[in-house]
Structure formats: structure tokens, C-alpha cells
Amino acid sequence: MDKSSIAYLQTLNLTNLMSKAAGELGKLLDACQNQGFFYLDPSNYEAAKPLDDRRKALSYTKEWFDRPMEEKMKLRQDSVTKGYKPIGTLSGVVKNKKDGFENIKMPRDDFINGNNALPEGLSPHLDVFQRDLDLSHTVTISILSCLSDLLKPTVRFEDYHRGNKASQSTMMYFRYAKQHDQTAGVGHNMHTDLGTLTLLYCEQWGLQVYNQGNDTWAYVEPKPGHYVVNVGDALRFISGNKLLSALHRVVPVPGHETKYRYSTAYFLRPENEARFQTSENTSVSALDWHDRKYDIFKADHAEQEKTTILTGGIGVKA
């Protein structure tokens, strides 16, 4: 990969963030205000080895994606939070083509309420998925606590995510189609995430972030042993636009067209009844924003271009 096409992202240390070390807090604020993306190194986190469970869970879902389509389709739901999504149901990264990924979504509320959040074939590994989700939630809430200390909002950011309130927070596992044949769909269309923070893990190229300064796209390098964290719309809105919800997409990578691409992300989202002002200066609940964003994900490209909901208010020239 040409180095000029790779985004420079700051690397933060999870243990230092958890202890709220001053130097790490400064790096966090800079990353969230200016890029909306950063790497997170959990290697010396004392409570656990966070990526062990994340890698195990991803390996189990890789096997699950190989199951017959008719079996997977039994779990299909018209939801951005729960159930199975097949390839080609949303607009893709190439104009007038559909998307090129399938995914399985596991809502945090289902785990909390004791509902069966795992499909057949994955349920024997419930403890792995539970630990991964719990730790991912702890990490993202801790990041919000750091940002609250730094920006001192009237309502602390983590208080929009009270544990006893329903939310659309969810863990997702993705498989992108082999791209030597793009008839089924291509990539993941440009968007900002609708929630608060995303805790992503992926070992393969394909993710790109948009640089508003020079109107270009750059690859996010898969960094072994690191999460990628990005700010979502909800955090941008509740911060009074002091933090940046970064525009990103997933594209086919030359030389990798014959391989599936796998990734997994925890999407932290505010409790459903939390309210904020959107990029279009309207007051909505977190659930309303979730539903509006999902509707625009499903729309065709021409309809998407009529508003900036998909891109979180960011105009795109590239």
C-alpha cells in the first residue's frame, strides 16, 4: 500500500486512558476533535486480554457465515441493531450498486435481559461473546468519562448511557464478499456512525476515512493488536459539535479481490429516550435518529444525496 494513501491516526494506550493520565487525555481530545478516529492499544490492560475474546468471537462467526443462506435468512430482520443482514440490502460504495457485506447483529439489551442473543451454532460460546461485549462496553463508557472530564458538559456523556435504560447498542460481525465479481454488491457506502463510539477490530485492509481538509480518502491501516475507535453522530451532537463524527467507508482493495473481508465492531449508542440537536438543527431522540439514519441507509443513492443525514452533516467532494 502506498504510504501517501494511508491515514495517520494517533495511538492511545487503554491502561493510560483508564487511569486518566494527563498526556493520554490530551491525545484523546485532539484525536476526537480533529480526526474522529484513533487506534487503541489494549496490550497492557491489566483486567483482561481484550482482544483474545474478540478474536475468538470473530473466528466463531466466520464459521457461522459459511452456513447455508436459507439457514441464515431465518434470522433476517429489518434492523440495524438485531438479526442477520444479507448482501445487497443497502446502497453500496459504488453509485447505483448495492452493498457488498452481510452481518449478524447482537443487541446489548438482549444480553442484559437474558434473551437468546446468539443464533444456533454460536450459542455454545455465549461466555466468549458476553465477555467481549461487556468489556467493549466498559472501554467505550470509560472513554466517554475521559471526554466528560475534559469538556465538562452540563450532562456528562456517559450519563446518556444509563445501564437500566433501553438502547440500540449492539455488537456486529461483518463479512464482505469476495470482490472479483461485483454483481452482488460492493463495499460499504460512505457514512458516519449514528451512535456515540464505535470499537472496531479488523485485521484486513478496506476501511477508508475522509479528510475534510483536502477532500481525499485515505486507508486506515490494520494495526495488529489494536482496536480502531471512532466518534459517532450522537457524541458529536451531545458535545455541541466539539467532537468530530468521522466520515468513512469500506472499499475493495486491489490485490485482495479473491478474499472475504471480516470485521467486528461494538456500537455504543445512547439510551433510546436521550435527546439532542442533529446536524440539521432538529431535536430528536436517540431512537428517532437511529431510525432516520437506518432509513437513509436503505435509500438509493439519489435519495441519499437529498440530505446530509447519511454523512452526519458533512459535505463530500471526493
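These questions and answers walk through a predicted model of one protein chain.

Visitor: How many helices and strands does the chain have?
Guide: The C-alpha atoms of this chain fill a box of roughly 50 × 45 × 40 Å along the principal axes, and of its 318 residues 56% count as buried. As for its secondary structure, the chain has nine helices and 14 strands.

Visitor: What radius of gyration does the chain have, and what does the globule rule give for its length?
Guide: For 318 residues the globule rule gives 20 Å, and the value for this chain is close to that, so the chain is as compact as a globular protein of that length. The radius of gyration of the chain itself is 18 Å.

Visitor: How far apart are the end C-alpha atoms of helix α3?
Guide: Helix α3 covers residues 50-65, which makes 16 residues, and at 1.5 Å a residue these should span 22 Å.

Visitor: Within what arc do the buried residues of α3 fall?
Guide: The buried residues of α3 are Pro50, Leu51, Asp53, Arg54, Ala57, Leu58, Thr61, Trp64 and Phe65. Seen down the helix axis, these buried residues line one face of α3, because they fall within an arc of 155°.

Visitor: Which element gives the largest share of the lining of the largest pocket?
Guide: The largest pocket holds about 480 Å³ of space, and of the 36 residues that line it, the closest to its centre are Phe101, Met172, Phe174, His188 and Phe267. Among the elements that give two or more residues to this lining are β4 (101-107), β5 (170-176), β6 (188-191) and α8 (286-298). By class, the lining has 17 nonpolar, 11 polar and eight charged residues. The largest share, four residues, comes from β12.

Visitor: What volume does the largest cavity have?
Guide: The structure holds three cavities of 30 Å³ or more. The lining of the largest one includes Leu200, Tyr201, Cys202, Val220, Pro222 and Arg261, and by class it has seven nonpolar, two polar and three charged residues. The volume of this largest cavity is about 90 Å³.

Visitor: How many nonpolar, polar and charged residues line the second largest cavity?
Guide: About 60 Å³ of space lies in the second largest cavity. Its lining residues are Arg108, His137, His161, Arg162, Lys165, Ser167, Ser169, Leu268, Arg269 and Glu271. Sorted by class, they come to one nonpolar, four polar and five charged residues.

Visitor: Is Lys20 buried, partly exposed or exposed, and what is its relative accessible area?
Guide: Most residues other than glycine have a negative phi. Lys20 has a positive phi of about 55° although it is not a glycine, and Lys20 lies in the loop between α1 (14-18) and α2 (22-34). Since a residue counts as partly exposed when its value lies between the buried limit of 20% and the exposed limit of 50%, Lys20 is partly exposed, with a relative accessible area of 32%.

Visitor: Does Lys152 count as buried or exposed, and at what relative accessibility?
Guide: Lys152 is found in the loop between α6 (126-151) and β5, and its phi is near 50°, a positive value in a residue other than glycine. Exposed means over 50% relative accessible area, so Lys152 counts as exposed, at a relative accessibility of 65%.

Notes:
Residues are numbered from 1 along each chain as its sequence is written. This is a predicted model: local features need pLDDT of at least 70, side-chain atom pairs count only at pLDDT 80 or more; totals for chains, interfaces and linings use all residues. Side-chain values use heavy atoms; hydrogens and water are left out. On a 1 Å grid over the protein atoms alone, a cavity is a set of points where a 1.4 Å probe fits but cannot get out, and a pocket is an open set with protein on both sides within 12 Å along at least five of seven lines; lining residues have an atom within 4 Å of a point. Grid points are joined across faces, edges and corners, and a volume is the space filled by probe spheres set on the points. Ala, Val, Leu, Ile, Met, Phe, Trp, Tyr, Cys and Pro count as nonpolar, Asp, Glu, Lys and Arg as charged, and the others, Gly among them, as polar. The expected span of a helix is 1.5 Å times one less than its number of residues. Buried means under 20% relative accessible area, exposed over 50%, partly exposed in between (1.4 Å probe, protein chains only). The arc is that of the directions from the helix axis to the C-beta atoms. The radius of gyration is taken over C-alpha atoms; the globule rule is 2.2 Å times the number of residues to the power 0.38.
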